[in-house]
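User: I would like to learn how to read annotated sites and helix packing from a model. Please take one topic at a time.

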Amino acid sequence: MRSSLHHCVLQGWGAGYADIVKENKLFEHYYKEQGLVPEGEFEQFMDAMREPLPATIRITGYKSHAKEILHCLKEKYFKDIQELEIDGQMMEAPQALSWYPDEQAWHTNMSRKIIRKSPLLEKFHQFLVSETESGNISRQEAVSMIPPLLLKIEPHHKILDMCAAPGSKTAQLIEMLHADMDVPFPEGFVIANDVDNKRCYLLVHQAKRLNSPCIMVVNHDASCIPTLQIDSDGKKDILFYDRILCDVPCSGDGTMRKNIDVWKKWTTSNSLHLHGLQLRIAVRGVEQLAVGGRMVYSTCSLNPIEDEAVIAALLEKSEGALELADSSADLPGLKWMPGVTSWKLMTKDGQWFSDWSEVPSSRHTQIRPTMFPPKDAEKLAALHLERCMRILPHHQNTGGFFVAVLVKKAPMPWNKRYPKVLPHKHTHLTDDRYLYVLLDVVNGADFSLVGLSFEPAAPPPHSAPPPSKKMRLFGYKEDPFVFLTEDDPVFNTIQSFYDLSGDFPKLNVLTRTHEGKKRHLYMVSKELRNVLLNNSERMKVINTGVKVWSRNSDGEEFGCAFRLAQEGIYTLQPYIRSRIIRVSVEDIKVLLTQENPFLSKLEDDAHAQAKKMGMGSIVLKYIPNANNPAEPQCPIQLCGWRGKTSIRAFVPRNERFHYLRICSCLEMFVLIAISFSTPVIKQKCGAD
C-alpha cells in the first residue's frame with residue numbers, strides 16, 4: 001500500500017488543505033466507466049473522497065498492557081469528550097471500529113483547529129503523541145489495519161513482510177506473534193523488507209517500539225528478494241514462510257482523502273507502469289510461501305489493473321497451485337465490495353481497450369496481456385475473483401483499499417519443470433551470486449524475470465548477456481552481527497551477578513562489533529539466529545535483536561560491567577533469578593516521579609528487599625493483584641539502579657508517562673515537571 005505520497009508514520013488530524021481543488025474529471029470518468037461503485041452511489045463516493053480522512057488510532061503492544069491503555073482511553077478521555085461543547089456544538093466521542101477485534105482501534109473526526117480550542121482535547125492529543133512515541137498507540141489508517149488481520153497469525157509462524165515501510169502493519173504482525181506475554185521467545189519471527197534504504201530506518205524505528213527479539217529488518221528489491229536457507233535437523237534447508245504480507249507499491253488513488261496531491265497527479269498511466277512490478281513482487285512472494293501458507297496481496301488503489309488483474313494473472317500462472325480464500329466471514333462488521341470479473345484499460349490519451357487483441361503492436365511495451373481479464377468464461381469463473389475485497393470510502397468513512405487472500409495448495413508449477421541437475425555456472429556470476437542462483441533454482445524461482453535461464457542439456461554460452469536485474473546489496477554498510485559463544489568471558493560476571501537460569505539461551509546473544517569492548521548486548525530468538533548465521537552473505541540486514549544489556553563502567557566495582565536495558569527487560573527477566581525487587585503501585589509512582597529517591601521513600605516491603613541488596617543494576621517488578629481491580633492488571637517491569645542510599649529507575653521519559661497513566665496518577669504538573677526537568681521534581685529527590 002505504498003504510493004510515493006504515502007510515507008508518513010503518524011496520521012495527522014484533519015485536512016488543512018482547503019485551498020486545493022479536489023477535482024479530476026479523468027478520474028471520475030474512468031471509475032464511472034469501470035462500474036466499481038454500486039449504481040446510484042457514485043456521487044456519495046466522490047463526496048466522501050473530497051472529505052478529510054478521520055484520524056484513526058490502534059492500541060498496540062501486548063494484550064494485558066493494551067487492555068490497560070483501552071481502560072485509560074475510555075475512562076479518562078472519551079467519557080469527558082462526549083460531554084464537551086465547543087462553539088455551541090456537542091463533540092462526538094471517538095468510535096470503535098466495529099470490525100477490529102476487542103475495541104483495539106478507534107476513529108475520530110476531530111480536526112487540529114478544534115483540538116486547539118479545548119484544553120481537554122489538547123491533553124488528549126498530548127496523550128496520543130506520548131503513547132505513540134513509546135509504542136503503545138499507532139496512528140494508522142483504518143484500512144491499513146486489515147491485511148495483518150486476514151493473515152491469521154499464530155506465534156509459531158515465519159512471516160515475510162515484502163514491502164514493509166513505514167511499518168505500521170509490521171508492528172501488527174509482531175504484536176500477533178507475542179499474543180502470549182509469558183513466552184519471551186515465540187517460535188515465529190517477522191522478516192520486514194523494504195527496497196528503500198532510508199525507509200528501512202523508519203521501519204526500524206517503528207519495530208523498535210515493540211522491543212521484540214523476533215524481528216529482522218532487511219533491505220532488498222522485493223521482486224527478487226533472495227531465497228534464504230536454514231539449518232533443519234542437521235542439514236541445510238530452504239526457508240519457506242508460513243505467512244507473507246505483499247502490500248505492493250501502488251498509484252495510491254485510494255488515499256486521496258489524505259494525500260490530496262493525488263487529485264492533481266492522477267492519470268491512468270500510473271497503473272500501467274506499476275502493474276508489471278506488482279505482478280513480479282507477487283510472483284516472488286508465492287515462490288517463497290510454504291504449501292498450506294497464506295499470502296495477503298493489498299494495495300491502496302481502487303484500480304482493477306493493479307488489483308484483480310494482478311491476482312488473475314497470478315492465479316493463471318499458478319495452474320491451480322494457488323486459490324483465493326473466502327474471507328467474507330473473517331472481519332464481521334467490515335463493509336466491502338466483491339472483486340470484479342470485468343474491467344477495461346484506458347490510456348492517458350483516453351483510448352479504451354477491453355481485450356489484448358485490440359491493442360496495437362506499437363503499444364505492446366506499455367500494455368501487457370496480463371492487464372486484461374481472462375477471456376475464457378469458465379476459467380474466469382474458476383478463479384473466484386469475487387473473493388477479492390474492495391473497500392470504498394463512502395461505506396464506512398475510510399480510505400479506499402483492495403485486499404485478496406491467497407492460499408498455496410501445492411508447489412508452484414515451474415518448480416516441477418526445472419531439471420534435477422544443477423545449472424552450469426554463468427561466467428558473469430560471482431561465487432556468491434552463483435550460490436544465490438543455486439538456492440533459487442532449488443526453490444524454482446522464475447529466472448526469466450531477471451534475465452537468467454537454465455537448459456538441462458547444454459551449458460549456457462560464455463557470451464551470455466548479464467542479467468537484466470541483479471540481486472544486489474543496497475545502502476550503507478552496517479555494523480556486523482556477531483554472536484557470542486557459550487564460553488565468552490563476558491558471561492562470567494553476568495551469570496553470577498544476575499543468577500541466570502540454566503536454560504538462558506547464551507547462543508542467542510549478539511553484539512555489533514568484532515573487536516574491542518562490547519558496548520551493548522542484544523538478543524534474538526533462536527529461529528532468527530538460524531536465519532542470520534546461514535545467510536550473512538546473502539542478505540542486507542539493517543537491524544535485528546533487542547538490547548538487553550549495556551556496558552556501565554561504574555558497574556564493574558559492584559560486580560558486573562553490564563547494566564540491564566529497559567528495551568529488553570521483558571525478554572530477559574524470565575531468566576533472571578536475583579537482583580529483583582518486588583514493588584507496589586505506590587513504589588512505581590515514587591520511582592517514576594522522583595529522580596533519585598532515598599530507599600526510605602519506598603513502602604516497607606520494597607524497602608526491606610532493597611536494603612538487603614548490594615549496589616548495581618536491578619529489576620523493579622510489579623505483579624498484578626487480581627483481587628484489587630483498582631490497581632493495574634498487567635505486569636510491570638522496570639530497570640533500575642540500587643545506589644548507596646537511593647534507588648532510581650532507568651526508564652525513558654515517554655515510558656514513564658505510560659506507566660504513570662496505567663497507575664492512574666499522571667497529572668499535568670507531573671508531565672510538565674518530567675518534560676522540562678524543573679525543580680518540581682528535584683526538590684522531592686534524595687541523593688547519594
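**Annotated sites and a helix pair**

Analyst: Start with the record. In an unreviewed entry, UniProt gives the feature "binding site" at Cys163, Ala164, Ala165, Pro166, Gly167, Ser168, Lys169, Asp194, Asp221 and Asp247. The model itself is predicted, and the annotations may be inferred rather than shown by experiment.

User: Where does alanine 165 lie, and is it buried or exposed?

Analyst: Alanine 165 sits in the loop that joins strand E7 (158-161) to helix H7 (168-177). Buried means under 20% relative accessible area. Alanine 165 has a relative accessible area of 0%, so it is buried.

User: Which residues does glycine 167 contact, apart from its neighbours within four places in sequence?

Analyst: With those neighbours left aside, glycine 167 touches Leu203 and Gln206. Glycine 167 also belongs to the loop between E7 and H7. Its relative accessible area is 2%, and therefore glycine 167 is buried.

User: Which residue does the "active site" annotation cover?

Analyst: The UniProt annotation "active site", again from an unreviewed entry, covers Cys300. Cysteine 300 is found in the loop between strand E13 (289-299) and H11. Because its relative accessibility is 1%, cysteine 300 counts as buried.

User: What describes two packed helices?

Analyst: The angle between their axes and the distance between the axes describe such a pair. Here, take helix H10 (residues 269-287) and helix H11 (residues 308-318): their axes come within 10 Å and cross at roughly 45 degrees. That angle is why H10 is oblique to H11. The crossing of H10 past H11 is right-handed.

User: Which residues make the contact between H10 and H11?

Analyst: From H10 come His275, Gln278, Leu279, Ala282, Val283 and Val286. H11 supplies Ala309, Val310, Ala313, Leu314 and Lys317. By class, the residues of this contact are eight nonpolar, two polar and one charged.

User: How many helices and strands does the protein have, and what share of its residues is buried?

Analyst: There are 23 helices and 29 strands in the protein. Of its 688 residues, 56% count as buried.

User: What share of the contacts with a separation of 6 or more joins residues 24 or more positions apart?

Analyst: Among contacts in the protein with a separation of 6 or more, 76% are between residues 24 or more positions apart.

Key: Residues are numbered from 1 along each chain as its sequence is written. This is a predicted model: local features need pLDDT of at least 70, side-chain atom pairs count only at pLDDT 80 or more; totals for chains, interfaces and linings use all residues. Side-chain values use heavy atoms; hydrogens and water are left out. Axes are lines fitted to C-alpha atoms, for helices over the stretch in contact, and angles run from 0 to 180 degrees between N-to-C directions. Helices (H or I, at least four residues) and strands (E, at least two) are DSSP runs, numbered from the N terminus. Angles under 35 degrees count as roughly parallel, over 145 as roughly antiparallel, 65 to 115 as roughly perpendicular and the rest as oblique. A crossing is left-handed if the near helix is turned anticlockwise from the far one by less than a right angle, and right-handed if clockwise. Contact means heavy atoms within 4.5 Å. Ala, Val, Leu, Ile, Met, Phe, Trp, Tyr, Cys and Pro count as nonpolar, Asp, Glu, Lys and Arg as charged, and the others, Gly among them, as polar. Buried means under 20% relative accessible area, exposed over 50%, partly exposed in between (1.4 Å probe, protein chains only).
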